[in-house]
Amino acid sequence: MSRPKPTIILEHVNKNTYKSEQVLVSEGIWAVFYNNNPINLKTLNILVNYPGPKYKKVSFSNRGHAINLCKKLNALFKTDKFTVVLLKQGERVYP
């Protein structure tokens, strides 16, 4: 079965590069939480300080990516405390 077509809200086409930017409808943002709290996720090499730590995404506009990360983290840390939370509303911080 194929994916349903997304609903386009706005579209802008650059007439020089022919690239199109589309704003699509979304149910919300899915985020991975630990113990009912939002988290950040950082990876680094403990042997060398190069290239430095890398911060990974923990929130997604696609539900499947969040669920896959949640399963991976629960298996890695041998726990069931990682969960996926659907964010639909929030406090506006800008502007």
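**Entry 1: positive phi values.** I began with N35, which I found in the loop between β3 (29–34) and β4 (37–38), in what is a predicted model. Its phi is near 55°, a positive value in a residue other than glycine, and I noted that N35 counts as partly exposed at 40% relative accessibility. I then looked up Y18, which sits in the loop between β1 (8–13) and β2 (20–24) and has a positive phi of about 60° although it is not a glycine. With a relative accessibility of 68%, Y18 counts as exposed, since the cut-off for that class is over 50%.

**Entry 2: cis peptide bonds.** I checked the bond from Y50 to P51 and recorded it as cis, with omega near 0°; P51 belongs to the loop between β5 (41–43) and β6 (54–56). I also recorded a cis peptide bond joining Y94 and P95, where omega is about -25°. Y94 is placed in the segment after β8 (82–87), and P95 is likewise in the segment after β8. Y94 counts as exposed, at 72% relative accessibility. From Y94 I took the C-alpha to C-alpha distance to E21, which came to 22 Å for a sequence separation of 73 residues.

**Entry 3: N74 in the helix.** When I left aside the neighbours within four places in sequence, I found N74 in contact with T79, D80, K81 and F82.

**Entry 4: the chain as a whole.** I counted one helix and eight strands in the protein chain, and from the N terminus on I read their order as β-β-β-β-β-β-β-α-β. The radius of gyration is 18 Å, well over the 12 Å that the globule rule gives for 95 residues, so I describe the chain as more spread out than a compact globule. Along the principal axes, its C-alpha atoms fill a box of roughly 50 × 40 × 30 Å. I noted that 15% of the 95 residues count as buried, and that the chain exposes about 8800 Å², of which carbon and sulfur atoms supply 55%. Among contacts between residues at least 6 apart in sequence, 48% join residues at least 24 apart. For charge, I listed 15 positive and 5 negative side chains, with the centres of the two sets 9 Å apart.

Definitions and conventions
Residues are numbered from 1 along each chain as its sequence is written. This is a predicted model: local features need pLDDT of at least 70, side-chain atom pairs count only at pLDDT 80 or more; totals for chains, interfaces and linings use all residues. Side-chain values use heavy atoms; hydrogens and water are left out. Helices (H or I, at least four residues) and strands (E, at least two) are DSSP runs, numbered from the N terminus. The radius of gyration is taken over C-alpha atoms; the globule rule is 2.2 Å times the number of residues to the power 0.38. Buried means under 20% relative accessible area, exposed over 50%, partly exposed in between (1.4 Å probe, protein chains only). Contact means heavy atoms within 4.5 Å. Accessible areas come from the Shrake-Rupley method with a 1.4 Å probe; for residues, only the protein chains shown count as cover. Lys and Arg count as positive and Asp and Glu as negative; His and the chain ends are not counted. The place of a charge is taken as NZ of Lys, CZ of Arg, CG of Asp or CD of Glu.
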